Structures are given as structure tokens and as C-alpha cells.
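Good morning, and thank you for coming.

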Amino acid sequence: MKRILVIGILLLSLSAGYLIAETSPIQKFQKDPTTENLLEGIASYTKEMKDDPDNTVPQIMLNWLLLTAYNNNLDKLDAKFDELAVGMKFQFANQQLAIGEFDTAIKTYDKINMSSPKWSCPWRHKGEAYYKSGQMEAAEKAFLKAIETRETHYDAYVWLAKAQMKMKKYKTALESLEKGLTYKGKDIEEPEEEVSSIEEYTLHYQLLKKNNKPEAEKIAAKLQKIDPDGDWKNFE
């Protein structure tokens with residue numbers, strides 16, 4: 001990750017015609033990644049952005065600075081992983097998932113699954129990591145485990161249905177989704193924060209269509225109201 005960041009910054013400077021001086025905030029922080037240098041860099045780029053709002057260079061450089069700091073923090077957390085509380089371990093894995101480090105995230109979720117096998121959320125998120133890395137069978141197993149450990153886990157059913165749809169198990173996927181919908185609003189989590197209505201309706205519509213169910217038209221009517229220009233119209 002660090003090597004990628006350094007290469008990215010170099011390419012950025014060359015493509016933008018923007019020479020990053022050795023005394024620039026990003027270079028200073030890379031050489032000496034202290035909190036003081038981070039805050040100094042943030043202040044410097046923020047001032048540049050305020051002085052010249054149309055200049056995109058300091059905006060981009062601030063992003064690189066924060067990304068570099070973020071990457072450094074991930075390395076530090078990784079080194080102290082065993083000392084973290086289980087909730088922080090889960091958040092750490094979620095951050096790895098968020099930046100696309102799917103294989104690394106899966107390994108982190110594995111550790112949490114071993115220490116907290118009955119906690120549904122790490123199973124669900126590990127399934128998402130498998131799904132996003134194209135490993136649908138492993139994703140399906142993880143989502144099923146999430147449901148086994150918490151039957152009312154609404155968004156685990158949605159993700160399960162998505163994985164099963166990718167596997168062309170359309171009948172099973174529809175059953176999974178519709179069972180999950182019976183728990184919507186009854187689970188401990190806020191459903192709209194986990195799955196948007198558009199995403200839910202689109203998936204339901206697609207699975208109904210794949211199973212030749214006339215109820216698809218009712219879902220289409222709902223989508224027409226909330227997402228009239230959505231890609232769902234092009235689904236076959």
C-alpha cells in the first residue's frame with residue numbers, strides 16, 4: 001500500500017506539472033509521520049484551498065496526505081491487533097474492506113470469527129469481502145453463517161440473495177430475499193442504513209423477473225416512483 005501511495009503521488013505530480021518540493025507538507029509527513037506534521041500539513045493545504053478555491057492541487061494533495069496518514073494508522077493497528085478490543089478489531093476489518101483490501105479483510109474477519117463465532121456482523125461483512133472479490137460460494141457460506149448466528153439479520157439475507165443471484169440460483173435467491181424482508185425493521189439494525197430502498201426494490205424486481213413472477217410489475221411501479229431513470233429498466 002505504501003509503495004502504491006508513493007508511486008501515485010509521483011505520477012500525480014508529473015501529470016499535473018506540479019513539482020512536490022522536499023519541504024512540502026506531504027513530503028515532510030512521509031519522512032517524519034508525526035501528529036504535528038500531519039496537523040501542519042492539513043492546515044497548510046486547507047489555507048491554500050481557502051485562498052484559491054479554484055485551485056484543485058491543494059485539494060488533491062490534502063487527499064494524499066490524509067490517505068498516507070490513514071495507511072500509516074492501518075499499519076500501526078495491524079501491529080497491535082491482538083491488543084484491540086473485539087469491537088475495534090471489527091472496525092479495523094471494516095476499514096480494510098472499505099479500501100478494497102479484500103483478502104486482508106477476510107483474514108481479519110477470520111480471526112474475529114474464531115474468537116467471537118456467534119457474532120453475526122463479522123460473518124456478514126466477511127461475506128461482503130468475498131462477494132466483492134468474486135468468490136460467490138465462500139460469500140454464500142459466510143452470509144448463511146451470519147443468518148445462523150442471528151436469524152433476523154435483514155441485510156445478511158439481502159447480500160445472500162445477491163450472491164445467489166450471481167450464482168444463477170434465482171429461485172433460492174428470491175426465497176432468501178423474501179425471507180429477509182419479513183425481518184425488515186425487526187432486526188437490531190436500522191434497515192435503511194444497511195440497504196437502501198432502491199437497492200432492495202431493484203434486487204427484488206430482478207429476482208421476480210428471473211423467476212417469471214407477475215409481482216415484478218408491482219415492484220416496478222414502486223421503482224418508477226423513487227428511481228424513474230434507474231438501470232433497473234434495462235434489466236432482462
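Predicted model: local features only at pLDDT ≥ 70, side-chain atom pairs only at ≥ 80, totals over all residues.

Let us begin with Trp119, which counts as partly exposed because its relative accessibility is 27%. Residues are numbered from 1 along each chain as its sequence is written, and side-chain values use heavy atoms, with hydrogens and water left out.

Which ring does Trp119 pair with? A pair of aromatic rings is described by the distance of the centres and the angle of the planes. By the rule used here, rings of Phe, Tyr and Trp (its six-membered ring) pair if their centres lie within 6.5 Å; planes under 30 degrees apart count as stacked, over 60 as edge-to-face, and the rest as tilted. The count by this rule comes to 7 aromatic pairs. In one of them, Trp119 is joined with Phe90 in a tilted arrangement, with 4.9 Å from centre to centre and 55° between the planes. This pair links distant parts of the chain, since Phe90 belongs to helix α5 and Trp119 to the loop between α6 and α7, 29 residues apart. Helices here are DSSP runs (H or I, at least four residues), numbered from the N terminus. Phe90 counts as buried, because its relative accessibility is 8%. Together with Tyr109, the residues Phe90 and Trp119 form one aromatic cluster.

We now turn to helix α7. Helix α7 covers residues 120-132, which is 13 residues, and reaches 19 Å from its first C-alpha to its last, close to the 18 Å expected at 1.5 Å a residue. The expected span is 1.5 Å times one less than the number of residues. Is α7 mostly covered or mostly open? It is mostly covered, as 12 of its 13 residues are buried. Among these buried residues are Trp123, His125, Glu128 and Tyr131. Their covering includes α5 (86-98), α6 (102-115), α8 (136-149), α9 (154-166) and α11 (191-194). After α7 comes Gly134, whose phi is positive, near 85°.

Next, the nonpolar cores. A nonpolar core is a set of buried Ala, Val, Leu, Ile, Met, Phe, Trp, Tyr and Cys residues joined through side-chain atoms within 4.5 Å. The largest has 24 residues, of which Tyr109, Tyr131, Ala139, Phe143 and Ala163 touch the most other members. At least two residues of this core come from each of α5, α6, α7, α8 and α9, and α8 gives the most, with 6 residues. A second, separate core has 19 residues, including Val158, Leu174, Leu203 and Trp232.

Contact means heavy atoms within 4.5 Å. Leaving aside neighbours within four places in sequence, Ala139 is in contact with Gly127, Tyr130, Tyr131 and Ala163. Lys162 lies in helix α9 and is buried, because its relative accessible area is 16%. Not counting residues up to four places away in sequence, Lys162 touches Tyr131, Glu199 and Leu203.

Finally, consider helix α3. Helix α3 has 17 residues and reaches 24 Å from its first C-alpha to its last, close to the 24 Å expected at 1.5 Å a residue. Which residues of α3 are buried? They are Asn37, Leu38, Gly41 and Tyr45. These residues lie on the same side of α3, because they cover an arc of only 105° around the axis; the arc is that of the directions from the helix axis to the C-beta atoms. The buried residues of α3 pack against α2 (25-31) and α4. On the face turned away from the buried side, α3 carries the exposed residues Thr35, Glu36, Leu39, Lys47, Lys50 and Asp51.

Thr46 also has its place in α3. Thr46 is partly exposed, because its relative accessible area is 38%. The side chain of Thr46 reaches the backbone oxygen of Ile42 at 2.5 Å. The C-alpha atoms of Thr46 and Ala138 are separated by 44 Å, and the two residues are 92 residues apart along the chain.

Thank you for your attention.

Notes. Buried < 20%, exposed > 50% of the residue type's maximum accessible area, 1.4 Å probe, protein only. Polar contact = N/O pair within 3.5 Å; in protein donor to acceptor, adjacent residues only side chain to side chain.
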